[in-house]
Amino acid sequence: MEQIKRQRSENVFNSDGNKRIKQDVMITTKCITNESIANFEILPNEIIYEVFDYLDSYYIYQSFYHLNYRFRSLLIDSILPLKINVPLISQKAFNHYNQDIIIPNIQKIDTLRIENCFIFDDQIVTLLHKTLLRTLILENIESTCLYNVLHQLITFPYFSSLSITTLDPIKDKNPFYQQIFRLPFLKYCKLSFGESYFTGILPMATYEYSSIEYLIINHEIYCDQLNAFFSYVPQLRHLSLNLLRGHAIIPNQSSSSVLKYLTHVSLKLSDLTKFDYFEPILIDFFPLIQVLNISADLDYLNASRWEHLISTYLVNLRIFNAQFQIRLYTDIQISTIDKQFNLFSSSFWTKRQWFFDYRSLIQTKYNEYRIIYSTNPYKRKYYKICNQLNNIDYADQYEKVFKSVNQLYITNEKVIEKCNDYFPNATKLIIEEAFSAAVCRSIIKNLNRILPLQQLQTLNIKCNHLSLLKMMEILSSTPNVHTLTFQTMPLYTENERIIEQNEIFQSVSKINRIINVAFAHRCTLNKLKLLAKLFPRLQHLQINILMRDMKIILEFLLNNNKQNIPDLRLLCFTSVSKFYLEHLNNLIKLGVLSSDQKVNHTGNILYLWW
């Protein structure tokens with residue numbers, strides 16, 4: 001039961017469905033009619049609390065705290081555990097939220113999520129000590145702030161779930177691992193500590209053991225570190241890792257850390273981690289697993305070897321979900337891969353209902369990228385639509401409905417026309433290839449055939465030659481997108497004024513819900529002005545600028561009481577050096593930027609929050 005509660009508390013913040021609810025609450029709050037308020041108010045408190053449990057805590061506060069005395073009392077006087085989310089809001093909004101909700105209810109906080117890197121200060125650490133916290137989700141925290149937070153958590157008697165994403169990479173991760181392993185009641189742990197550096201191996205655990213059962217490590221970990229690492233987590237049941245090749249040639253010593261409760265393993269292997277090195281790890285550490293998800297390269301495409309390994313050492317395995325990405329240079333290699341693929345259709349695989357598909361990802365003048373993957377993905381969350389290979393007999397070319405997929409990749413425009421699959425719950429779309437202007441409208445039609453565009457929330461356009469007008473055509477069919485990432489914004493021969501007067505531009509500007517924009521290539525003032533008019537509800541903007549343009553861009557964003565983008569609260573400059581920070585400090589001294597605005601320079605990104 002406790003595990004169910006923990007998963008639910010994270011789902012409140014992380015599931016796509018609830019994000020959509022949160023966005024709807026935020027945007028439609030101003031449209032609530034007196035009649036709808038009256039109808040909602042007749043509900044008993046118990047039902048209202050049930051409804052609130054499915055909504056984001058900050059937007060509940062924003063929508064109901066100032067509505068009337070009853071709702072304010074419901075938020076302040078509740079005896080139920082509170083799930084507090086501190087999203088990316090302005091300094092003023094955070095101060096109100098902190099004074100009205102967080103501080104008065106500090107002892108009731110059960111779940112806390114913080115995603116603003118500017119509020120990890122001593123005050124927050126002190127507040128943590130007063131809670132009865134069970135779940136903590138920290139996003140964008142600086143590594144220098146992390147030590148104090150982990151030190152406080154040791155004394156929490158009910159703390160069981162921890163998720164951390166650091167803003168900057170942690171070079172020596174071992175001290176942080178040891179702090180986490182000392183948390184006495186921790187069951188769920190998800191870590192993203194950034195780029196990996198080999199700084200040594202943890203000492204073997206002797207008397208301190210962790211209670212962690214679910215462990216997800218999204219940064220890379222060296223194979224050499226596994227034996228000592230696993231000695232701390234004997235209760236582990238679910239594991240997800242990104243593995244790097246170690247510094248030894250082949251591990252000689254036998255493992256002393258067999259994980260007897262481990263049943264589910266997901267592994268992403270770097271191209272330096274060869275099968276000869278990995279096989280002993282699989283045999284020594286994971287002999288009892290029932291589910292194996294693996295992503296690897298050509299070296300692992302060996303059906304006979306996998307058949308021997310599974311039938312001899314992994315006898316409990318019931319789900320094998322594999323993905324092999326391959327880069328080919330010669331026709332001889334292609335012939336060899338075709339033969340190897342056919343070996344995955346022997347009776348050993350078919351009687352277990354383990355089927356595979358074979359597709360082309362990218363073809364260039366000198367090489368080709370292909371993918372061989374399991375067609376029974378068992379709750380697969382993402383899917384990549386690729387080119388089919390005509391010389392391969394597929395296990396199943398009929399239409400499939402992938403209800404579990406929420407993230408969809410489109411490799412190029414041609415694959416959409418041939419796709420027979422449907423993704424009813426996809427909320428994130430990544431377009432990986434350039435779409436020509438001539439077929440843009442047909443692409444929208446074909447996209448809507450394989451997924452409902454109206455429900456998309458996140459759109460990532462990786463094309464390098466898609467004009468702003470063509471991007472707007474896509475956005476006109478995706479009105480519920482709140483996060484947009486794109487590479488370039490070529491204006492070609494279009495005049496800015498003509499673009500602004502375009503009917504699609506004006507329509508998208510009125511209906512879009514986009515609050516987060518990341519623009520990868522160089523952003524000029526003229527392009528920024530277009531973005532400000534196209535996305536008037538922006539709250540978070542990430543752009544790449546020349547240092548000499550910083551002054552005019554800040555003046556545009558901050559002058560006239562921030563009227564150009566009134567809701568903007570976080571600005572990020574990417575690909576910057578320390579000289580950008582020095583230049584920014586000089587602008588503050590000159591009065592271009594207020595000293596009230598907080599500044600943070602981490603890695604190659606400069607953050608401004610107000």
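This is a predicted model: local features need pLDDT of at least 70, side-chain atom pairs count only at pLDDT 80 or more; totals for chains, interfaces and linings use all residues.
A residue counts as buried here when its relative accessible area is under 20%, and as exposed when that area is over 50%.

**View 1. Helix H20 has buried residues along one face.** In H20, the buried residues are Phe505, Val508 and Ser509. Looking down the axis of H20, these buried residues fall within an arc of 100 degrees, so they line one face of the helix. On the face of H20 turned away from the buried side, look for the exposed residues Glu503 and Lys510. And what covers the buried residues of H20? The cover includes H18, helix H19 (496-501) and helix H21 (525-534).

View 2. The crossing is left-handed.

**View 3. Helices H12 and H13 run roughly parallel.** H12 covers residues 275-285 and H13 covers residues 303-313, and their axes lie 11 Å apart. The packing angle is about 15 degrees; angles under 35 degrees count as roughly parallel, and H12 and H13 therefore fall in that class. H12 passes H13 in a right-handed crossing. Which residues of H12 and H13 meet? On the H12 side they are Phe275, Asp276, Phe278, Glu279, Leu282 and Ile283, and on the H13 side Arg305, Trp306, Leu309 and Tyr313. This contact holds seven nonpolar and three charged residues, with no polar ones.

**View 4. Helices H4 and H6 are roughly perpendicular.** The axes of H4 (residues 45-52) and H6 (residues 69-76) come within 12 Å and cross at roughly 65 degrees. That angle makes H4 roughly perpendicular to H6, and the crossing of the pair is right-handed. H4 brings Asn45, Ile48, Tyr49 and Phe52 to the contact, while H6 brings Arg70, Phe71, Leu74 and Leu75. Sorted by class, the residues of this contact are six nonpolar, one polar and one charged.

**View 5. Asparagine 140 and glutamine 353 each have a positive phi.** As background, most residues other than glycine have a negative phi. Asparagine 140 sits in strand S3 (residues 135-141), and its phi is near 65 degrees. Is asparagine 140 buried, partly exposed or exposed? At 31% relative accessibility, asparagine 140 is partly exposed. For glutamine 353, look in the loop between helix H15 (347-350) and strand S11 (356-363). The phi of glutamine 353 is near 60 degrees, and a relative accessible area of 47% makes this residue partly exposed too.

Key. Residues are numbered from 1 along each chain as its sequence is written. Side-chain values use heavy atoms; hydrogens and water are left out. A crossing is left-handed if the near helix is turned anticlockwise from the far one by less than a right angle, and right-handed if clockwise. Helices (H or I, at least four residues) and strands (E, at least two) are DSSP runs, numbered from the N terminus. Buried means under 20% relative accessible area, exposed over 50%, partly exposed in between (1.4 Å probe, protein chains only). The arc is that of the directions from the helix axis to the C-beta atoms. Contact means heavy atoms within 4.5 Å. Axes are lines fitted to C-alpha atoms, for helices over the stretch in contact, and angles run from 0 to 180 degrees between N-to-C directions. Angles under 35 degrees count as roughly parallel, over 145 as roughly antiparallel, 65 to 115 as roughly perpendicular and the rest as oblique. Ala, Val, Leu, Ile, Met, Phe, Trp, Tyr, Cys and Pro count as nonpolar, Asp, Glu, Lys and Arg as charged, and the others, Gly among them, as polar.
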